[in-house]
Amino acid sequence: MEGKQERHQTKPIRCIVKLGGAAITCKNELEKINEESLDIVSTQLRQAMISGPSPSTKGPGMDWSKRHGESEVFCTEDDFGEDAFVDSSRFVVVHGAGSFGHFQASKSGVHKGGLGQPLVKAGFVATRISVTSLNLEIVRALAREGIPSIGMSPFTCGWSTSERNIASADLSMVAKAIDSGFIPGWRLSWMYFTLLGADSFLPPRFCMEMLCLMNYRFGPYVLGVYDRPPVEPNAVLLREIAVHDDGSWDVVKPVLQNMTKVETTVAAHDTTGGMMTKITEAAMIARLGIDVYIVKAATSYSLRALSGELRGNIPDDWFGTVIRFMS
């Protein structure tokens, strides 16, 4: 009886936040975290999760392990009253790999499959070591903000692929973490996330309202998705994309003349498909009635997206890309 009760009490999710690898790492420097960006994003997540009148109030930290350069680790029981925790029922944090894992996967060909080959098997181990170390640092950053996050991995939760398709996936551990008041810090490839987003990852009981994709690509002035690589002259920020019943999509803001496609590039070491793949897959999620926001991480724009301010018309002073269903 107790097990049945738990299955009906999965807490609703307001937002799944996807931290792009380029938002939280220095993507062109092997295994280097963008600590400033990660700290700001963690603070913004805490502020968005707090429903009370004092979003600036920081709760007690939960990273009690010793960090390099720090001399003391301490906590007191008095710090943890009934109101010590943020509203952890409302968010799931998913993150990309950035400069962690992609190099190892690309070098060994592990993303193509074939674990029977010695190089691929070694690459699988190397990739797991790399991305697991990144996941730990993200969870620690959230914990320092008082967010009760726990690291999770598709591999240890029983997920597998065959020929780049999902062979098996089990969400029971994710649901159990949410039911217990934790925020899953989920290292999930975009391919896994999107394929499951349409079929398995968003069952009605999760009741997700929006997906926020935080990116930090190409430089400090890139705010969302552009009609061409944003390093090129005259690149235009696509502020709103409408998705139709058949899955096709159009740019509705701004109105562009003679644009038949979005031109993008893919880094040589990126094993997940680049920005065009992400737009197409975001459109799959938008068809479910879930607004998708692609926004530069660690900015006022990302905080406003997380806070739910953009559910209606997009304000003129907000810059990013919204992908939403339009029947």
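User: Before we start, what counts as buried here?
Analyst: Buried means a relative accessible area under 20%, while exposed means over 50% and partly exposed lies in between. Keep in mind that this is a predicted model.

User: OK, so are Glu145 and Arg46 buried or exposed?
Analyst: Glu145 is buried, and Arg46 is buried as well. Glu145 also forms a salt bridge with Arg46, in which the closest N and O atoms are 2.6 Å apart.

User: Where do those two sit in the chain?
Analyst: Glu145 is in the loop between α5 (118–144) and β3 (149–152), whereas Arg46 belongs to helix α3, so that the pair, 99 residues apart, links distant parts of the chain.

User: What does α3 look like, in residues and reach?
Analyst: Helix α3 covers residues 35–49, which makes 15 residues, and from its first C-alpha to its last it reaches 21 Å, close to the 21 Å expected at 1.5 Å a residue.

User: And which of its residues are buried?
Analyst: The buried residues of α3 are Ser37, Leu38, Val41, Ser42, Gln44, Leu45, Arg46, Ala48 and Met49.

User: Back to salt bridges, how many does the structure hold?
Analyst: There are 13 salt bridges in the structure. Asp39, Asp63, Glu137, Arg140 and Arg144 are linked with one another in a network of such bridges.

User: What about Asp291, which residue does it pair with?
Analyst: Asp291 forms a salt bridge with Arg311, and the closest N and O atoms of this pair are 3.9 Å apart. Because Asp291 lies in strand β12 (residues 291–296) and Arg311 in the loop between α9 (300–306) and β13 (321–325), the pair ties together parts that are 20 residues apart in sequence.

User: Why do you class Asp291 as buried, and Arg311 as partly exposed?
Analyst: Asp291 is buried because its relative accessible area is 10%, which is under the 20% limit. Arg311 has 42% relative accessibility and therefore counts as partly exposed.

User: And Arg228, what is its partner?
Analyst: Arg228 forms a salt bridge with Asp227, with the closest N and O atoms 2.8 Å apart. Arg228 is partly exposed at a relative accessible area of 27%, whereas Asp227, at 7%, counts as buried.

User: New topic: where is Ser99, and what does it contact?
Analyst: Ser99 is placed in the loop between β2 (91–95) and α4 (102–108), and it counts as buried because its relative accessibility is 4%. Leaving aside neighbours within four places in sequence, Ser99 is in contact with Thr25, Cys26, Lys27, Glu29, Leu30, Glu31 and Lys32. A polar atom of the Ser99 side chain lies 3.3 Å from the backbone nitrogen of Lys32.

How values were computed. Residues are numbered from 1 along each chain as its sequence is written. This is a predicted model: local features need pLDDT of at least 70, side-chain atom pairs count only at pLDDT 80 or more; totals for chains, interfaces and linings use all residues. Side-chain values use heavy atoms; hydrogens and water are left out. Helices (H or I, at least four residues) and strands (E, at least two) are DSSP runs, numbered from the N terminus. The expected span of a helix is 1.5 Å times one less than its number of residues. Buried means under 20% relative accessible area, exposed over 50%, partly exposed in between (1.4 Å probe, protein chains only). A polar contact is a pair of N or O atoms within 3.5 Å; within protein, one must be able to donate a hydrogen and the other to accept it, and residues adjacent in sequence count only if both atoms are side-chain atoms. Contact means heavy atoms within 4.5 Å. A salt bridge is a side-chain nitrogen of Lys or Arg within 4 Å of a carboxyl oxygen of Asp or Glu.
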